Amino acid sequence: MLAFVARRLAFAVVTVLVAVLISFLLVHASDTTPGAVRLGAGATAADIAAENARLGWDDPLWQQFGDYLAQLVRLDLGTSLIDGRDIEADLASRLPVTASIAVLATLLSGVVGVLLGVTAAVRGGRLGKAISTGSGIALSLPQFWVGVLLVYVLSLQAGLLPATGYVPFSTDPGRWLQSVALPVLALTIGGAAIVARTSAASMREVLGAEHIRTLRATGTPEWRIRYVHALRSAAVPVVAVLGIQFIALFGGSVIIENLFALPGLGQASQAAASSGDFPALVGVVVVATVVVVLVNLLLDLVTAALDPKVRAA
Amino acid sequence: MSAPQPLPDADLLTPDEPATEVAPPSRRRGVPAFLRRPGGALGAAWLVVVVLASLTAPLWVPYDVTAQDLGDRLSLPSADHLLGTDPLGRDLLSRIATAGSLPLLSSALMLVVAFGIGLPLALVAAERPGRTERLISRATEVLLALPATVLLLAVIGIVGNDIPLVMAVFGVLLSAAVYRVMLGVAQSVRQRLYVDAARVDGLGSVRVNVRHVLPAMGTVIAVQAAQLFGIGILVVAGLAFLGFGPGEPDPSWGFMINDASSHLFDGPWLLVPSGLVLALTVVAANELADALAARGGAGARRRSRRARTTTPAPAPSAVPAADPAPVPDDAVLAVRDLRVSVVDGPDLVTGVSLTVRRGTVLGLVGESGCGKSMTARSLLGLLPDGVEVSGGSISFQGTDLVGLAEGELRGYRGSRIALISQEPMVALDPAFSVATQLTGPIRRHRGVGRREARTIAAQLLRNVGIVDADRILGSYPHQLSGGMAQRVCIALALTGEPDLLVADEPTTALDVTVQAEILSLLRALVRDTGLSVVLVTHDLGVVADLCDDVAVMYAGEVVEAGATTAVLDEPRHPYTMALLGADPHVPDGEPVPERLASIAGTVPSPGTWPVGCRFAGRCLFATDECRTPFPAVPAHGGGLVRCVRVEDLALHRISWTPEEAGAEIAAVDVVPTEITAGGAR
């Protein structure tokens with residue numbers, strides 16, 4: 001078990017390094033320079049060259065990469081080229097926004113999706129068919145379109161929820177919930193559909209398995225067969241899908257944050273991308289990769305807890 | 001293509017000459033199977049329309065995409081503007097159609113890059129397992145763990161709004177996902193024998209891949225391509241929604257939705273056309289992928305439906321045994337005239353009557369597909385979905401189990417009737433320890449506490465011959481050997497102290513040495529506990545070894561039954577003789593036969609059973625009288641034999657040896673009257 005965790009941790013470190021390297025190289029492949037971004041359109045070539053030299057842009061590539069890594073180890077992501085703000089402080093204040101939406105949407109997708117999927121598998125018939133058709137369509141709908149539709153229906157027409165804006169949890173938990181409700185809902189529709197599909201397929205397969213027949217033959221009550229035994233075996237692929245969902249929601253939060261005007265990581269990456277703010281861009285990549293890697297780590301542990309075979313390996 | 005083709009298999013299924021297997025469904029040439037599913041056909045049609053309309057947009061769109069008409073802003077669909085207009089009075093139909101080519105083409109580019117990298121890597125990795133495969137797999141794992149959307153934004157931040165280039169980079173990231181899926185497929189394809197054969201024939205690696213491996217991967221490639229295409233469209237639209245796409249005044253699907261989101265008050269209609277086209281295109285790609293993936297499954301389903309509708313009505317079961325045999329006093333189980341059928345389909349088992357006396361073992365023997373397992377499973381009410389008991393009675397200790405509600409049956413399962421299955425390795429729940437799986441039923445059946453249940457579980461394991469019961473209790477099923485798993489299964493069956501044990505080929509999946517151990521364990525259990533057993537097997541050696549009575553089944557009915565010694569020493573039915581002749585076991589002291597007899601042909605499948613004797617088609621002694629219904633006759637004391645020629649055959653002391661049989665048949669056929677006369681005299 002310890003070796004297992006160590007292996008996964010080593011892999012996580014390598015992944016973060018690769019992400020940093022890729023974004024670092026991308027930055028240097030660009031034809032603009034940090035000096036030009038920092039000084040804006042009005043700067044002369046000489047000013048820009050001087051600024052680049054000050055920022056260390058002219059140093060050898062490996063030295064710059066080494067410097068950045070050394071900075072990273074001290075948890076220092078540098079400062080913004082645009083307004084000079086401290087990037088790690090900025091991202092630290094944005095992380096909770098993105099994380100709370102991604103976590104809530106993943107949990108809700110999991111609960112709703114598993115309920116629908118298990119119902120489809122256990123009941124079958126017309127209801128099962130309706131669920132599988134419905135989820136097939138729902139998972140293909142563009143999140144931002146669903147989001148705009150939800151704003152129109154729930155916010156403008158029904159007046160139930162605020163359309164945009166974010167209230168921190170610490171300010172007012174009730175209004176925080178209201179402010180994240182629409183984005184979470186928009187993300188959950190597609191997410192729950194994918195989970196429903198996976199859990200229905202997985203549950204159907206398990207319910208047809210030989211060990212389920214053994215349980216029936218020992219007179220085990222049907223609810224116990226379904227919800228203790230079958231669901232536990234069926235949960236392994238569902239957990240994997242939930243993890244992928246979380247990663248996709250976290251990375252894909254940029255669109256939903258833009259739509260609902262939420263001050264999260266996605267918004268920061270959009271701003272950095274459109275302004276050429278290299279340090280901020282690399283910083284977002286680093287934070288996002290670390291989150292993804294941590295979630296993958298957690299997933300491996302959950303899978304190991306569910307599946308004794310993985311545990312032994 | 002439109003002319004209905006004659007069904008090629010129609011004449012194979014005439015009632016007097018039953019086909020042994022149902023022919024594959026007729027294929028209408030030219031229509032791929034995936035297009036016969038509504039989702040597949042609609043999805044493909046929509047994609048074709050969108051692609052054609054988008055690529056030819058400059059030729060047909062009614063308005064210039066940038067032509068504004070501020071007097072006609074945000075209008076609803078009309079004759080002038082079929083889909084309405086946007087906030088600047090521009091025609092939506094023209095803008096949507098023109099905007100389509102960018103997402104479609106750049107997603108196609110993305111696919112080319114993703115498969116161009118992922119597929120060759122998968123083929124190479126599948127060809128060189130070991131270091132090369134590990135290296136590529138690790139690299140792609142890292143690629144998969146990168147946050148794709150953020151990286152794409154980083155790319156845009158650096159190269160600008162060059163969408164095709166950005167999608168090509170996305171293709172590089174996706175190649176890791178393509179690799180993963182394709183590696184699995186390529187590995188399994190390479191394991192197929194014909195690929196091995198091609199390699200042994202000296203075909204070069206590239207040619208092996210191109211000729212044999214790639215074609216077999218076609219379906220999976222198509223499914224994944226369709227899915228990824230949908231994702232690509234979504235990503236392009238999402239980027240455009242964020243403003244990373246063709247800038248105003250050029251149209252894009254994503255930005256039109258963004259535009260709509262700021263006009264929800266004054267022009268909500270704006271949200272519909274662009275969003276619907278985008279959504280439908282992605283739905284179409286996914287439906288197409290589903291239809292492609294389901295291709296194999298659809299064919300199989302179609303076949304089974306055909307099998308049901310075109311096969312002749314089930315032959316009226318040969319007149320049931322003269323009169324229902326009386327149930328002896330010491331019978332634990334008495335099955336009478338049992339019929340098991342597919343719901344709305346053919347019979348699987350007909351007219352089966354069995355009696356199991358207390359403390360005895362009844363063997364159910366026959367080839368695969370004779371209905372042994374169906375009969376056994378019906379005793380516990382555990383038939384597969386879509387199969388039901390459609391007639392007869394199963395009297396267990398005086399109660400008829402047929403027609404009992406599921407809840408009432410559950411009261412019998414485990415506590416009165418228990419099951420041991422064929423595949424011990426998959427019969428236990430892989431997610432729970434042996435202890436959990438044993439103590440659950442023990443607590444339920446015996447009403448004891450957790451700790452006592454564990455003591456009982458350990459005792460049960462010792463009773464089935466497990467020495468280190470405590471270690472096994474802590475194990476998980478994947479840690480057990482086959483023989484050990486079967487012992488645990490037997491212990492599990494004993495948790496409820498049942499009166500009847502149904503053992504469905506309990507030793508088939510085990511090694512020969514382990515088989516003997518399990519059989520002697522069963523024998524000891526019967527001797528020591530007074531348990532009754534129904535033992536399903538195709539091994540006559542097991543029957544001789546263990547069973548007091550035996551019922552030989554063929555094509556869904558019992559053809560011969562009686563005390564084991566009587567049936568095996570003096571078989572009366574040609575099928576029993578044939579089974580004995582084909583049995584490789586040689587009793588001590590008897591000469592080894594020069595060659596084993598064989599039975600030509602296969603068991604007719606349900607729904608294709610002939611009228612009269614179902615074995616007639618394979619029987620060396622069959623005559624015309626075998627092809628009309630006839631009753632079973634009593635034999636072997638309390639047993640029966642279902643052969644119309646049983647007297648003739650007995651008279652000629654016929655045995656199942658192909659060489660002799662030819663002569664015997666000739667003799668019997670030539671002088672039928674004399675035989676009857678001789679019998680009468």
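Colleague: Which residue of chain A forms a salt bridge with B:D290?

Modeller: That is A:R197, with the closest N and O atoms 2.5 Å apart, where a salt bridge is a side-chain nitrogen of Lys or Arg within 4 Å of a carboxyl oxygen of Asp or Glu. The rule finds one salt bridge across the interface of chain A and chain B. Bear in mind that this is a predicted model, in which local features need pLDDT of at least 70 and side-chain atom pairs count only at pLDDT 80 or more, while totals for chains, interfaces and linings use all residues. Residues are numbered from 1 along each chain as its sequence is written, and side-chain values use heavy atoms, with hydrogens and water left out.

Colleague: How many residues are in contact, chain A to chain B?

Modeller: There are 63 residues of chain A in contact with 58 of chain B, contact meaning heavy atoms within 4.5 Å.

Colleague: And what area is buried between them?

Modeller: About 5400 Å², with carbon and sulfur atoms giving 73% of it; this is the accessible area (1.4 Å probe) that the two parts lose on being put together, summed over both. On the chain A side, A:F144, A:W145 and A:R213 lose the most area to chain B, together 12% of what that side buries.

Colleague: Changing topic, where is the kink in α9(B) centred?

Modeller: The kink, of about 50°, is centred on B:G218, the bend being the angle between axes fitted to the seven residues ending there and the seven starting there.

Colleague: What follows α9(B)?

Modeller: B:G243 does, and its phi is positive, near 100°.

Technical notes:
Chains are lettered from A and ligands numbered from 1 in the order in which they are written. Helices (H or I, at least four residues) and strands (E, at least two) are DSSP runs, numbered from the N terminus.
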